[in-house]
Amino acid sequence: MLGVCMRYAKDQFEAEDMMQTGFVKVFRKLHDFRSEGSFEGWMHRIMVHTSIEFYRKSLRTLNVVKVSETTYQEAVTEFDMSSINVKDLLRLIQNLSDGYRLVFNMYAIEGYSHKEIGEQLGITESASKSQLSRARAILKSQVLKLEGYKHENKFG
């Protein structure tokens with residue numbers, strides 16, 4: 001569950017706070033678990049919701065830029081990420097601003113729609129799309145830099 005919280009947190013300490021709060025909720029809601037799915041999946045959902053709540057409580061400091069529909073552009077270019085390790089990718093995600101990180105995780109990892117993200121965060125669908133597009137562009141740039149650095153050190 002720490003791994004789930006790490007994707008949403010800025011650092012290990014923040015993730016541990018999220019996880020601890022999440023486990024308190026798990027124990028308080030244990031009687032609500034109906035054995036309709038896996039216990040791990042149920043806990044996972046609680047950790048995700050707890051992580052999202054963590055930022056929703058401080059929305060006035062959350063860097064979510066509200067933009068018009070016309071500024072959204074879907075990133076079309078795909079690139080191979082098979083050579084990047086999980087720790088490096090997690091670090092890159094954690095370095096995103098709060099708004100970018102939150103929208104990226106909710107959409108790309110958890111599978112929320114832009115409408116659901118907008119409802120949860122109090123932003124428009126187009127703002128969610130824009131935040132995702134910008135997060136992807138930043139991550140792509142950072143991955144390419146990381147790969148270039150690895151390539152230079154391997155051959156240089």
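Is Phe33 buried, partly exposed or exposed? Phe33 is partly exposed, because its relative accessible area is 22% and buried would require a value under 20%. The structure is a predicted model. Two packed helices are described by the angle between their axes and the distance between the axes.

**Packing of H2 and H3**

- Helix H2 spans residues 12-28 and helix H3 spans residues 39-56; they pack with their axes 9 Å apart, at an angle of about 125 degrees.
- H2 and H3 cross in a right-handed sense.
- On the H2 side, the contact is made by Glu14, Met18, Met19, Thr21, Gly22, Phe23, Lys25 and Val26.
- On the H3 side, the residues in contact are Phe39, Trp42, Met43, Ile46, Met47, Thr50, Ser51, Glu53, Phe54 and Tyr55.
- Sorted by type, the residues of this contact between H2 and H3 are eleven nonpolar, four polar and three charged.

**Aromatic pairs**

- Four aromatic pairs are found in a search of the whole structure.
- One of them joins Phe33 and Trp42, with 5.3 Å from centre to centre and 55 degrees between the planes; this pair is tilted.
- Within this pair, Phe33 is partly exposed at 22%, whereas Trp42 is buried, because its relative accessibility is 11% and the limit for buried is under 20%.
- Another pair is formed by Phe54 and Tyr55, also with 5.3 Å from centre to centre, but with 80 degrees between the planes.
- The Phe54 and Tyr55 pair counts as edge-to-face, because planes over 60 degrees apart are placed in that class.
- Phe54 is partly exposed, with a relative accessible area of 33%, whereas Tyr55 has a relative accessibility of 3% and so counts as buried.
- Phe33, Phe39 and Trp42 belong to one aromatic cluster.

**Packing of H5 and H6**

- Helix H5 covers residues 98-109 and helix H6 covers residues 114-121; their axes come within 10 Å and cross at roughly 140 degrees.
- H5 is therefore oblique to H6, because only angles over 145 degrees count as roughly antiparallel.
- The crossing of H5 and H6 is right-handed.
- Leu102, Val103, Met106 and Tyr107 of H5 meet His114, Ile117, Gln120 and Leu121 of H6.
- The residues of this contact divide into six nonpolar and two polar, with no charged residues.

Definitions and conventions. Residues numbered from 1 in each chain as written. Predicted model: local features only at pLDDT ≥ 70, side-chain atom pairs only at ≥ 80, totals over all residues. Heavy atoms only, no water. Axes fitted to C-alpha atoms, helices over the stretch in contact; angles between N-to-C directions. Helix = DSSP H or I, 4+ residues; strand = E, 2+ residues; numbered from the N terminus. Left-handed = near helix turned anticlockwise from the far one by under 90°. Contact = heavy atoms within 4.5 Å. Nonpolar A, V, L, I, M, F, W, Y, C, P; charged D, E, K, R; others polar. Phe/Tyr/Trp six-rings, centres within 6.5 Å; stacked < 30°, edge-to-face > 60°. Buried < 20%, exposed > 50% of the residue type's maximum accessible area, 1.4 Å probe, protein only. Parallel < 35°, antiparallel > 145°, perpendicular 65-115°, else oblique.
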